[in-house]
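Okay, thanks everyone for coming.

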Amino acid sequence: MNLALATKLPRVGTTIFTTMSQLAAEHSAVNLGQGFPDFDVPPFLVEALAQAMREGHNQYAPMAGVPALREAIAEKAAGLYGARVDAGSDITVTSGATEAIFCAVHAAVRAGDEVIVLDPCYDSYEPAIDLAGARAVHVPLVEPDFHVDWQRVCEAITPRTRMLIVNSPNNPTGAVFSAADLDALAAILRETRVLLLSDEVYEHIVFDGAVHQSVLRHPELAARSFVVSSFGKTYHCTGWKLGHCIAPPALSAEFRKVHQYVTFCSFNPAQHALARMMREHPEHHLELPAFYQDKRDRFRALLADTPFRPLPVAGTYFQLADYSAISDLDDLAFCRWLTVEKGVTAIPLSPFLAEPPPGQRLVRFCFAKSDATQQAAAERLRTL
């Protein structure tokens with residue numbers, strides 16, 4: 001009997017992050033590919049987690065999240081973005097930002113709908129759209145700085161458009177929105193019923209004195225938005241898989257209907273630990289821009305001694321680099337060669353794009369690494 005399934009995701013295989021991390025392990029390469037820090041979680045947060053477990057917070061959390069954590073999130077949204085967010089009705093804690101993105105899409109998008117995404121974009125967006133029976137409409141960002149052409153976005157909107165997904169700071173490009181971008185976005189959506197999904201997982205990693213332009217700063221946009229954030233990116237604990245979604249009550253109600261049947265709830269003791277961390281040590285997220293700007297600047301200085309040409313980075317902990325002075329290989333083949341032959345792993349840009357531009361020679365490095373890891377990678381890259 002043939003029990004083979006007709007796949008629901010014909011364009012999806014193993015993610016590029018898993019593929020490259022496995023290759024890095026096989027060849028003992030310095031892994032600057034997958035976006036995880038290789039340094040410690042804040043000691044206070046580790047102790048708070050242990051204390052929460054000792055105190056007995058080891059069973060199911062409330063479906064929407066631990067109240068103390070949701071209240072801390074609401075206070076932070078008010079303090080940073082001037083947003084009035086109700087901790088009870090507007091905030092849902094999720095098992096990472098990827099779950100939040102999936103739940104937002106499936107709460108709002110129906111078969112036959114269209115969802116606009118801005119390329120290059122994170123690789124979880126389109127599979128969520130496909131599984132909803134909808135169609136992703138790709139609008140490319142404008143190189144070399146990867147800004148949004150809002151006129152092209154406007155032209156992409158049709159009567160079938162149900163959602164627009166935006167990401168600032170952007171993974172993989174590092175581009176960030178300005179206040180003018182939010183105004184342009186509001187003007188485009190004003191006379192439509194299009195919902196907004198704003199992926200803001202790198203909200204605290206913005207450089208050179210800029211401030212993060214959260215959709216929550218713009219009441220008109222916030223009223224139609226799912227705003228997704230990540231504790232893993234902020235507190236160096238990506239393995240904890242905790243994030244959250246802020247949305248108006250009507251949108252949150254539909255979001256929670258999906259969330260309760262995807263994970264129901266998320267890791268309980270970590271929620272209590274994060275609530276304490278946010279309340280007792282707000283300096284951590286306030287100092288994160290300077291922390292990562294130092295890492296960015298150090299990594300770029302190390303790249304200056306190699307044939308790579310680094311592009312500007314305004315946010316996130318990723319560095320795009322042009323390798324056209326090194327090789328004519330396509331980006332996937334180049335990343336495999338770099339890992340196997342030179343012992344450094346990067347991520348190709350093409351998996352983030354529906355249609356990679358001909359001749360594009362860009363790879364993404366993660367600089368959320370210790371000084372020792374950055375130095376080890378640089379020593380190998382200098383041999384190119």
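Before I get going, one term: when I say two things pack or are in contact, I mean heavy atoms within 4.5 Å. And a word on what you're looking at: it's a predicted model, where local features need pLDDT of at least 70 and side-chain atom pairs count only at pLDDT 80 or more, while totals for chains, interfaces and linings use all residues. Residues are numbered from 1 along each chain as its sequence is written, and side-chain values use heavy atoms, with hydrogens and water left out.

Helices and strands here are DSSP runs, H or I of at least four residues and E of at least two, numbered from the N terminus. Buried is under 20% relative accessible area, exposed is over 50%, and partly exposed is in between, with a 1.4 Å probe and protein chains only.

Let's start with helix α7, residues 179–189. Its buried residues are Asp181, Leu182, Leu185, Ala186, Ile188 and Leu189. They sit on the same side of α7, because they cover an arc of only 160 degrees around the axis, taking the directions from the helix axis to the C-beta atoms. And what do the buried residues of α7 pack against? That would be α6 (150–156), β5 (161–167), β6 and α8 (219–222).

β6 and β7 run parallel, over four bridges, and Leu196 stands opposite Ser225. β7 also has four bridges to β8, residues 243–246, this time antiparallel, with Val228 partnered by Cys245.

As for β7 itself, residues 225–230, six of its six residues are buried. Ser225, Val227 and Ser229 point one way, and Phe226, Val228 and Ser230 the other.

Now, aromatics. Rings of Phe, Tyr and Trp (its six-membered ring) pair if their centres lie within 6.5 Å; planes under 30 degrees apart are stacked, over 60 edge-to-face, and the rest tilted. There are 20 pairs. One of them is Tyr202 with Phe318, edge-to-face, 5.7 Å centre to centre and 75 degrees between the planes. Tyr202 is in the loop between β6 and α8 and Phe318 is in strand β10, 116 residues apart. Both are buried.

Phe318 has another neighbour: the charged end of Arg364 sits over its ring, 3.6 Å from the centre. For that, NZ of Lys or CZ of Arg must be within 6 Å of the ring centre and within 35 degrees of the ring normal.

Methods:
Pairing = 2+ DSSP bridges.
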